[in-house]
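Hi,

Here is the model we talked about.

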Amino acid sequence: MRSMPFSRTCAIANVFRVDDADCNLPGAVCEDPRFIGGDGNTFYFHGRRDRDFCLLSDASLHINGHFIGSHVPGLKRDPTWVQAIAVQFSGHHRLYVGARKTAVWDDESDRLAIIFDGEAVHVPNLANARWEAPITIASPSLTVTRTNKAANGVVVELDGVFKITANAVPITEEDSRAHSYGVTADDCLAHLDLAFKFHALTDDVHGVLGQTYRSSYVNRMDVTKKMPVMGGERDFVASGLFAADCAVARYGKGGNNADVVRVGSGDELVTGVECSTGLSGVGVVCKK
């Protein structure tokens with residue numbers, strides 16, 4: 001009897017993309033990471049799978065991205081995506097937003113993980129449902145609001161500082177076939193499409209995305225190419241998800257003195273995270 005071929009694409013059910021982060025405006029970080037800088041120019045930064053990179057670093061705000069990817073023999077590089085972001089801001093506050101590892105994707109099932117200062121943030125899976133940090137903990141106000149229609153979309157706002165729209169999305173069978181992403185049956189490579197808006201950056205801001213907001217920034221990439229690629233990986237790599245120690249860090253003091261807070265268990269709350277202390281795994285958030 002002839003056996004059926006094994007499908008190397010994850011199962012997808014009820015996929016619809018609504019209220020997506022706008023991937024065509026300045027501040028967007030989407031797909032195989034395609035950035036639109038503060039200067040309006042589009043570029044790619046591929047980073048490296050299973051590593052962390054400084055997306056933005058300023059005096060009172062630091063954002064790292066955790067990159068995941070797949071290894072496809074024959075390709076010149078591994079395709080990568082931003083699976084999670086780690087945000088640090090004044091008051092020694094830390095915020096994690098990430099996509100959980102998922103085999104069978106359903107947009108009606110919440111696959112976002114959100115953690116603030118070591119505690120899981122629970123936002124009802126309802127349109128416009130809202131969570132707000134106690135004013136005694138976060139000042140100015142920090143809120144997390146569900147988007148209008150998608151269980152896997154949120155808007156995170158720190159009043160007067162930033163607005164981040166984050167959508168957890170999978171690599172679909174069509175995506176994988178068209179781009180040879182090689183996703184497996186047990187992992188849809190769930191990742192984030194992101195749109196950043198900043199309100200109070202200094203002119204010393206840096207990072208993969210952050211540097212493009214400087215008044216002195218000069219784009220040295222070949223913008224005539226279909227896919228202009230930003231290099232300089234060594235300037236942006238960090239030792240851990242919450243480590244503000246990339247070469248261009250502007251936030252606080254860099255270093256390897258990260259400690260660890262465990263959050264939750266058993267539900268893959270946080271995946272693909274490795275702290276600078278060497279501890280890694282489910283339910284781990286690195287903190288300075």
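Below is what turned up, starting with the aromatic rings and moving on to the strands.

A bit of housekeeping: this is a predicted model, so local features need pLDDT of at least 70 and side-chain atom pairs count only at pLDDT 80 or more, while totals for chains, interfaces and linings use all residues. Residues are numbered from 1 along each chain as its sequence is written, and side-chain values use heavy atoms, with hydrogens and water left out.

**Aromatic rings**

Searching the whole structure gives 11 aromatic pairs (rings of Phe, Tyr and Trp, the last by its six-membered ring, with centres within 6.5 Å; planes under 30 degrees apart are stacked, over 60 edge-to-face, the rest tilted). W81 and Y181 make an edge-to-face pair, because their ring centres are 4.9 Å apart and their planes sit at 80 degrees. This pair links distant parts of the chain: W81 is in strand β7 (residues 80-89), and Y181 is in the loop between α1 (173-179) and β16 (191-198), 100 residues apart. Helices (H or I, at least four residues) and strands (E, at least two) are DSSP runs, numbered from the N terminus.

W81 counts as buried at 1% relative accessibility, and Y181 does too at 10% (buried is under 20% relative accessible area, exposed over 50%, partly exposed in between, with a 1.4 Å probe and protein chains only). Then there's F196 with F198, a stacked pair at 5.7 Å centre to centre and 10 degrees between the planes; both of these residues are buried. Elsewhere, F45, F53, F67 and F236 are linked into a cluster by ring pairs.

**Strands around β15**

Strand β15 (residues 162-169) is mostly covered, with 7 of its 8 residues buried. It runs antiparallel to β14 (residues 153-158), joined by 6 bridges (strands pair if DSSP finds at least two bridges between them). Across that pairing, V154 stands opposite A166 in β15. The β14 and β15 hairpin has 3 residues between the strands, and G160 there takes a positive phi near 80 degrees. β15 also pairs with β16, again in the antiparallel sense, over 8 bridges, and K163 has K197 in β16 as its bridge partner.

E108 lies in the loop between β9 (105-106) and β10 (112-116) and counts as exposed at 53% relative accessibility. E108 and N152 are 44 residues apart in sequence, yet 7.7 Å apart in space, C-alpha to C-alpha.

Cheers
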